[in-house]
Amino acid sequence: MSRTAEQIGRTELGPRPLPPLGEQRAATNLSVVDTVLDNGLRVIAVHQPTVPMVELRLRVPFAGTDPAHAPTAEVLAAAILTGTKSRDRVAMDTELALVGGELNAAVDPELLSLGGNALASGFDTLLTVLADALTAATYTDDEVAGEKARLIERITVARSKPNVIARQALQRHRYGDHPFTREIPEAADVAKVESADVRALHQAAVLPRGAVLVVVGDVEPVKAVAGVSAALADWRGDASAAVLPPLPPLTPGDLLVIDRPGAVQSQIRLSAQSITRTDPRYPALQLANLALGGFFSSRLVENIREDKGYTYHARSYPEFTPDGATLLIDTDTASDVTAAALLEIRYELARIALVAPEESEVDIVRQYAIGSLLTSTSSQGGLASQVAALAVLGLGVDWLVNHPERLKAVTAEQVAEAAAEFFAPTRFTGVIVGDVAKLAPLTCIGGVRFP
Amino acid sequence: MTVSQPHRYTLANGLRVVLAPDDTAPVVGVSVHYDVGFRSEPEGRTGFAHLFEHLMFQGSESLEKLAHFRHVQSSGGTFNGSTHPDYTDYFEVLPSAALERALFLEADRMRAPKLTEENLRNQIDVVKEEIRLNVLNRPYGGFPWILLPPVLFDTFPNAHNGYGGFEDLEQATVADCAAFFDTYYAPANAVLTVAGDFTVEAAKELIERHFGDVPARPRPQRPSFAEPPPTTEVRADHPDPLAPLPAVAIGYRIPDPIDELDAYLAYLVLAGVLTDGDGSRLQQRLVYGDQLVTEVSAGCGMFGPFEARDPDTFTITAMYSPEVALDPVLAAIDEELERLASTPPDQAELAKITARWAASLHKEHDRIVSRTLALGAFELLYGNPSLVYELPERISAITPDAVSAAAKALRPDSRAILTVTPSGGAE
C-alpha cells in the first residue's frame with residue numbers, strides 16, 4: 001500500500017469546517033495577600049494549591065554605578081548560597097534536598113534574584129535557609145576563591161555564544177557605558193574581587209526595604225506572610241535597596257555591524273523606545289507587537305520563516321525597566337540572506353506602521369494575549385515568575401487579574417495608532433553580528449554602518 | 001499524589017487514548033505521540049524524522065498553510081512538536097473552550113496532511129537555519145547529543161545525527177514524506193492524550209467525532225535497535241573552533257528502560273547521588289574539592305529519562321579549564337564510582353534524591369504541557385500512563401545496594417569518551 005502525497009492529502013468527504021469555541025470557564029479567584037513587613041520588604045502571597053509545592057521569588061533592587069559593582073555582584077550571587085555562620089554549603093543543600101527543595105541566586109544590572117521551591121510541607125525549611133543566607137552568609141575566602149574561578153570560566157563560555165555577543169553589542173550601542181549594560185563582567189574584573197568586597201556589598205546592598213518576596217503555592221496566604229515575617233525578622237537595614245538609574249531615551253540610528261569572522265549565521269538585533277505597562281497606550285501596543293512578531297502567527301514569522309525560510313526564529317518583544325521600556329526585535333539568519341531578512345523586517349515595520357491591521361487580526365492577537373496569560377499562570381512556577389516580574393515594576397496581582405479586561409477594551413483603531421507611533425522603522429537602532437566578509441549586500445539597503 | 005487514574009481506551013482504528021481530567025485550572029493539554037523517532041529514519045535520510053515533524057505543521061486537507069498555528073493561537077493557545085529517539089510528539093495547550101478545535105487540528109493532520117514540494121523546500125531551509133542556530137554557529141553545538149552517540153554506538157539507528165546532514169536533508173523528496181507518513185503515522189501507531197479541564201464523556205464523544213473516521217492502517221513492526229555494548233573504552237575528539245574550554249562526555253550503556261525499569265531507576269538515583277546539588281559526590285569532589293572542573297552533570301538519556309527504549313545511555317558531562325588534563329578528571333570520576341561500588345550510599349543520602357524527585361514530579365504535573373506529554377509518553381513506551389504517578393514510590397524503593405550495583409556497572413572498559421577541544425586558537 002503506497003499512496004502518493006496527493007492521495008494522502010485528500011479524503012472523500014473533503015475539507016471540514018473548524019469547530020467553534022466552547023464555553024470558557026473563568027479561572028477561580030486568586031486568594032492574595034500583598035503587604036509590607038516592618039523591615040520594608042513587600043510580600044505577595046498567592047494561594048494556588050494545584051500541587052503540594054510552594055514557589056519563592058525574591059527580587060532585591062541591586063543597581064550600582066561603580067565599575068566594580070557588577071563583578072562584585074556576580075561573585076556575591078555565585079557565593080551567597082555557599083555557607084552561613086551555622087550552615088556550610090553542603091548543610092544548606094542537604095536541608096533543602098530533604099524537603100524536595102532548591103534555591104538559586106542570580107544577578108543582573110537591576111536585580112539580585114533568589115528563587116526556589118520545595119514541597120509545601122517544607123516551606124518553613126525553605127524560608128529558614130533563605131533567611132540564613134540573607135542575614136548570615138559568610139563568603140569564606142575559600143568559597144569566594146572557588147566561585148570566582150568558576151565564574152571566570154562561565155564568563156568565558158558565555159562570551160563565546162553568538163546571542164551573548166549580540167546582546168553585549170546591542171547594549172553598548174544603545175546605552176554606551178550605562179550600568180544597565182554591565183550584564184556580564186570582564187573576567188579580569190572578577191579576578192580582582194576580594195571576599196571582603198563581597199561581604200561589604202552584601203552588608204550595604206542586600207536590603208529588605210524596596211525588595212519584594214513572592215510566595216505562590218499550597219500555603220494559605222495569611223500563613224505564608226506570617227511565616228515570612230517570622231523567618232525574615234532579622235533581615236534589616238535602614239537604607240532602601242538600590243534602583244537602576246533611569247536610562248536615556250533611545251536614539252534612532254544606523255545598525256552597527258560587528259564582525260565575527262567565520263560565522264555561518266548573523267544575529268540581527270533591533271530596538272526602539274517604548275512605554276511602560278501602566279501607560280494607557282500599553283494594551284494596544286502589546287497587541288500591535290504580537291501582530292508584528294510577538295507570536296508564531298505574526299507577520300515577521302510568517303514572512304521570514306514560513307514564506308522565505310530565512311530563519312528558524314524571529315520575534316519582537318518588550319523589555320521593561322523600572323521607569324521605561326524598549327521594543328526588541330531578534331532574528332538569526334544565514335549570512336547570505338542577512339540583508340534580505342533585514343529588508344523584510346523593515347518592510348514589516350513600515351507596513352504595520354502605515355497600514356491599519358484588520359479587525360480580524362486584532363481579534364486573533366487579543367485572544368492569544370488573553371489565553372496565553374491563562375495558560376502561563378496556571379502553574380505555580382509560571383504564576384510566581386509573572387507576579388515577581390510585575391512586582392519589581394510596582395504592580396500587583398490585580399494588574400494581572402484585570403489585564404484581560406484591558407485587552408478586551410482595545411479597539412483596532414488604537415492598535416493602528418500604537419503601531420504607527422512605535423513601529424516606524426526610522427525609530428529603530430540596533431546591531432548585526434556576523435561575518436563582515438559575507439555581508440556586503442547590506443550596503444545595498446543602507447542604514448547600516450560597517451566597522 | 002491525589003489524582004485519579006487516567007482513563008485509557010482504544011478507538012476502532014487502533015488509536016490509543018489517554019484522558020486525565022483535572023479541573024484545577026480552566027485549561028486543557030492535547031498531545032499526539034507517534035511511535036517513530038530519529039532512530040527509525042533510513043540511511044541517507046538523516047534528520048528526516050525531525051524534518052517531517054516540521055511538515056506536519058504545514059497544512060492538511062481542511063487547513064491551509066499557516067492555519068494550524070493561527071487556529072491554535074487565535075483560540076488563546078500555544079503549540080509545538082519535538083522529535084525524540086523513539087517518538088515524535090505534537091501538542092497544544094489552550095483555554096478549555098478550545099478543546100474541540102485542538103482535537104480537530106490533530107485529527108485533520110493525522111488523516112490527511114498536505115505534503116507539498118513547496119512546503120518541503122521551505123521547511124528544509126528552516127531546519128537548516130535551526131541547525132545553524134543550535135549546532136554550527138555556537139560553541140558546544142550538538143554536545144553531547146549529536147557527538148557522543150557515534151562513539152558509543154556502531155549501528156546507524158543509534159549512532160547517526162538526528163538533526164541530519166545538510167546533504168541528506170536537501171535530498172528529501174515528497175515521495176519520501178508520503179512513504180514515511182503511510183508507514184509510521186497510522187492511528188494504530190499513535191497515542192492521543194487529553195489532560196486538564198474537561199469531562200470524560202464529553203471528551204470521548206469529541207474524540208470519536210474527529211478521530212473515529214481516520215482510516216485504519218497497519219501498525220508497523222517496531223525493529224529492535226539492540227546492539228552489544230562496547231568491549232573497550234572508545235575515545236574520540238571533536239575540535240570546536242568556537243569553544244573556549246575543553247569538555248568531556250562519558251557515555252555508558254544501561255539496562256533496558258522498559259523491561260528492566262527498576263534497574264534503570266537505580267541509574268536515575270545514581271545520577272542524583274553523583275551530581276544533584278552541592279552535596280552530591282561529583283560536585284563535592286570535582287567542582288569544590290579538587291576543583292578540576294567548572295561544572296559536571298550526570299543523567300539518563302540524551303535529553304532526559306523516559307524518552308527512549310533500549311538501548312539508552314547514561315551520560316556524565318563536564319567542562320574544565322585548559323590547564324587541567326583529562327585523565328585526572330576521569331580518574332576522579334572512576335574513584336568516586338568505585339567508592340560507591342564498594343560501599344553503598346546510606347539511606348539518608350538517598351532520601352535527598354527521593355524528595356527532590358517527588359518535588360520535580362509535582363512540578364512537572366503542575367505544568368499542563370509537561371503533564372500531558374508525560375502521560376502520552378508513558379502510554380506509548382510503557383502502556384501505562386499511571387506509571388507517571390507511581391514513579392516517586394518506585395524511586396524511593398530503590399535500595400542502596402541497587403545504586404551501588406549500578407555504580408559498579410559503569411565500567412571504564414566499556415564506555416565512550418568524547419572530548420571537545422577548543423580549536424579556534426588564541427584571540
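Modeller: Helices (H or I, at least four residues) and strands (E, at least two) are DSSP runs, numbered from the N terminus. This is a predicted model, in which local features need pLDDT of at least 70, side-chain atom pairs count only at pLDDT 80 or more, and totals for chains, interfaces and linings use all residues. Residues are numbered from 1 along each chain as its sequence is written, with chains lettered from A and ligands numbered from 1 in the order in which they are written.

Colleague: What is the phi of the residue that follows α2(B)?

Modeller: The residue after α2(B) is B:G76. Its phi is positive, near 85°.

Colleague: Which residues of α2(B) are buried?

Modeller: Six of the eight residues of α2(B) are buried (20 or more other C-beta atoms, placed from the backbone, within 10 Å of the residue's own; exposed is 12 or fewer, partly exposed in between), so the helix is largely enclosed by the rest of the structure. They pack against α13 (359-376) of chain A, and against β4 (78-83), β5 and α3 of chain B. The six are B:H68, B:F69, B:H71, B:V72, B:Q73 and B:S74.

Colleague: Which element gives the most to the side of chain B that touches chain A?

Modeller: Contact (C-beta atoms, placed from the backbone, within 7 Å) joins 73 residues of chain B to 74 of chain A. Elements of chain B that each supply at least two residues include α2 (67-74), β5 (88-95), α3 (99-111) and α13 (347-366). With ten residues, the most comes from α13(B).

Colleague: How do the residues on that side of chain B divide by class?

Modeller: Ala, Val, Leu, Ile, Met, Phe, Trp, Tyr, Cys and Pro count as nonpolar, Asp, Glu, Lys and Arg as charged, and the others, Gly among them, as polar. On the side of chain B that touches chain A, the residues are 35 nonpolar, 19 polar and 19 charged.

Colleague: Which residues of α12(B) make the contact with α11(B)?

Modeller: The axes (lines fitted to C-alpha atoms over the stretch in contact; angles from 0 to 180 degrees between N-to-C directions) of α11 (281-289) and α12 (326-342) of chain B come within 10 Å and cross at roughly 150°. That makes α11(B) roughly antiparallel to α12(B) (over 145 degrees; under 35 is roughly parallel, 65 to 115 roughly perpendicular, the rest oblique). B:R281, B:L282, B:R285 and B:L286 of α11(B) meet, on α12(B), B:V329, B:A332, B:I333 and B:E336.

Notes. Two residues are in contact if their C-beta atoms, placed from the backbone, lie within 7 Å.
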